[in-house]
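These exercises go through one protein structure, from its overall build to its sheets and a pair of helices. Try each task before reading its solution.

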Amino acid sequence: MPVEVTWWGHATCTIEDSGVRVLTDPLFVRRLAHLRRRRGELPGPEAAVADVVLVSHLHSDHLHLPSLARLAPGSRLIVPLGAVRSVPGLRGLGSKHGLRITEVAAGDEVRVGEVLVRAVPAMHDGRRLPMGPHRSPALGFVVEGEARTYFAGDTGLFDDMAEAVGPVDMALLPVGGWGPYLGHGHLDAGRAAQALARLAPRAAVPVHYGTYWPIGMDGVRPHEFHSPGDEFVRKAALLAPEVAVHRLSHGEHVRPEGAR
């Protein structure tokens, strides 16, 4: 079965590999606090169908409790170590919705059917903001079945990224954000292209851009919302020309060639 990646918007993707559906950082709302979904229809019920769900860190646009509540009872949920203590609502999802929650740290591996999920480090503030303690480091994940797919979550560029992640066939990299400024611990299009050159996968998909934007800021630096995907394609062509970059529309999927 070919490996297939679907981008639903923001950091929410479905990776289908070896008959296993893996969902990342589900966010299925039109509005979150001061953010409004400005592009792409809300994902339909099929987006919430997954054998395992990966949560990269505790920020509410990545660990969103109402979106997790849409998962089918019995779904497997993999979260950073300490998440249940930091986000008490996760306990309710386990008891009321029947989600099976597993906490992991970087280096841990979880077998789900024919797929192995490995947690890898990320350089990002993993707290449950605005005042959560530094208890749960942010993570990325490598999903290994017929291919090795790296979901970076939210991360900055760090020196030993390629060594920490290991060889991968596909990289799902954040290239923007939900506002006009990206702080420490994020990838913009340029830094994402540098990461791509270090990782050297066969294919890549830019994510985490062009979906949510602060209410009332539509006219402020609009290129920061619209341009990161195209900018990443251009810069990746210069820094990592051997990588096939697939800039997807919301809800679009790709079956990249070259899976092992």
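The model shown is predicted. It has seven helices and 17 strands.

**Exercise 1.** State how the radius of gyration of the protein stands to the value that the globule rule gives for 260 residues.

Solution. Along the principal axes, the C-alpha atoms fill a box of roughly 50 × 45 × 35 Å.

**Exercise 2.** Find the edge strands of the open sheet of seven strands.

Solution. Begin with the order, which is β8-β7-β6-β3-β2-β1-β17, with mixed pairing. β8 (100-104) and β17 (253-254) each have a single partner strand, so they stand at the edges, and one side of each lacks a neighbour in the sheet. Next, look inside the sheet: β2 (residues 12-17) and β3 (residues 20-24) run antiparallel and are joined by five bridges. In this pair, D17 stands opposite V20 in β3.

**Exercise 3.** Describe how helix α5 packs against helix α7.

Solution. Two packed helices are described by the angle between their axes and the distance between the axes. For α5 (residues 189-199) and α7 (residues 228-239), the angle is about 40° and the axes are 8 Å apart. Angles from 65 to 115 degrees count as roughly perpendicular and those under 35 as roughly parallel, so α5 is oblique to α7. The crossing is right-handed.

Now list the contact. α5 contributes A189, G190, A192, A193, Q194, L196 and A197, while α7 contributes P228, E231, F232, K235, A236 and L239. Sorted by class, the contact has nine nonpolar, two polar and two charged residues.

How values were computed. Residues numbered from 1 in each chain as written. Predicted model: local features only at pLDDT ≥ 70, side-chain atom pairs only at ≥ 80, totals over all residues. Heavy atoms only, no water. Axes fitted to C-alpha atoms, helices over the stretch in contact; angles between N-to-C directions. Helix = DSSP H or I, 4+ residues; strand = E, 2+ residues; numbered from the N terminus. Parallel < 35°, antiparallel > 145°, perpendicular 65-115°, else oblique. Left-handed = near helix turned anticlockwise from the far one by under 90°. Contact = heavy atoms within 4.5 Å. Nonpolar A, V, L, I, M, F, W, Y, C, P; charged D, E, K, R; others polar. Rg over C-alpha atoms; globule rule 2.2 N^0.38 Å. Pairing = 2+ DSSP bridges.
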